[in-house]
Amino acid sequence: MVRVASDLAAGGASLAVGCCTGADAALLSAVPGSVPPSLMHCFAAFGPGGEGAGQFSAIAAVQAFAASGGSVCWWAGGPASVPLRSRLAGRTRAVVGAADAGLVAFFASPSSRGSLFACSCALSRGLPVVAFPVGFPGAELPLLGAGSWVPFSILGGFKWAKTQAEIFL
């Protein structure tokens, strides 16, 4: 995932990431070594001191990214009074809302709700979606409607291709 992010950044693309352990934390740790801080924007569903964070929040990675000069939108999913699950969904909407070229998602499992939700949000905006299955075959990626995943990258990615029938709905 760091290679994908650094390749995108080398091409001048900016990146928007969330605040969870796993792919988000790995990408945040790539700054400033592989990705310049100015090209990465983090959306955190918690506050700068870690208040409101959940079990899978990458507090230290987000704080280190902020300390390196990275841009963090704290409480991206709403204030502390909003339940964490709702804040995470709002944060995902904010991440996808910041995207202008497409979504690259890293699925930790075929049942990754957050990645699936991000893909659905991106498709609803008409953005292309590329997914990388981590630790499982691409054939197990969840379906996003009428269409299929087609091989896209030499790095093991898959792009969502809508069926022609869905395109004309």
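1. Start with Trp160. This tryptophan counts as buried, at 6% relative accessibility. The model is a predicted one. Trp160 is also one of the residues in a separate, second core of 19 residues. Cys119, Ala131 and Phe136 are included in that core too.

2. Trp160 has an aromatic partner, Trp149. Their ring centres are 5.2 Å apart and their planes stand at 70°. Planes over 60 degrees apart count as edge-to-face, so this pair is edge-to-face. Trp149 is buried as well, with a relative accessible area of 12%. Trp149 belongs to strand S6 (residues 147-151), and Trp160 to strand S7 (residues 158-162). The pair therefore ties together parts that are eleven residues apart in sequence.

3. Now look at the sheet. Four strands make an open sheet, in the order S4-S5-S7-S6. The pairing is mixed. From one strand to the next, the twist averages 30°. Which strands stand at the edges? They are S4 (103-107) and S6. Each has a single partner strand, so one side of each lacks a neighbour in the sheet.

4. S5 covers residues 129-133. The two strands run parallel and are joined by five bridges. Val104 is bridged to Val130 in S5.

5. Searching the whole structure gives three aromatic pairs. One of them is Phe46 with Trp74. This pair is tilted, with 6.2 Å from centre to centre and 55° between the planes. Phe46 sits in the loop between strand S2 (40-43) and helix H3 (59-67). Trp74 sits in the loop between strand S3 (71-73) and helix H4 (84-98). The pair links distant parts of the chain, 28 residues apart.

6. Trp74 is partly exposed, with 24% relative accessibility. Buried means under 20%, so Trp74 at 24% does not count as buried.

7. The largest nonpolar core has 27 residues. Leu28, Val35, Met40, Cys42, Val62 and Phe65 touch the most other members. Helix H1 (2-10), strand S1 (15-17), helix H2 (23-29), S2, H3 and S5 each supply at least two residues. H2 gives the most, with four residues. In soluble globular proteins, nonpolar side chains tend to be buried together.

8. What does Cys42 touch, leaving out residues up to four places away in sequence? Its contacts are Val17, Gly18, Leu28, Val62, Phe65, Ser71, Val72 and Cys73.

9. Return to H1. Its buried residues are Val4, Ala5, Ser6 and Ala9. What covers them includes S1, H2, S4 and S5.

10. Last, Thr92. This threonine lies in helix H4. Thr92 is buried, with a relative accessible area of 7%. Setting aside neighbours within four places in sequence, Thr92 is in contact with Gly114, Phe117 and Ala118.

Key. Residues are numbered from 1 along each chain as its sequence is written. This is a predicted model: local features need pLDDT of at least 70, side-chain atom pairs count only at pLDDT 80 or more; totals for chains, interfaces and linings use all residues. Side-chain values use heavy atoms; hydrogens and water are left out. Rings of Phe, Tyr and Trp (its six-membered ring) pair if their centres lie within 6.5 Å; planes under 30 degrees apart count as stacked, over 60 as edge-to-face and the rest as tilted. Buried means under 20% relative accessible area, exposed over 50%, partly exposed in between (1.4 Å probe, protein chains only). Two strands pair if DSSP finds at least two bridges between them. Axes are lines fitted to C-alpha atoms, for helices over the stretch in contact, and angles run from 0 to 180 degrees between N-to-C directions. Contact means heavy atoms within 4.5 Å. A nonpolar core is a set of buried Ala, Val, Leu, Ile, Met, Phe, Trp, Tyr and Cys residues joined through side-chain atoms within 4.5 Å.
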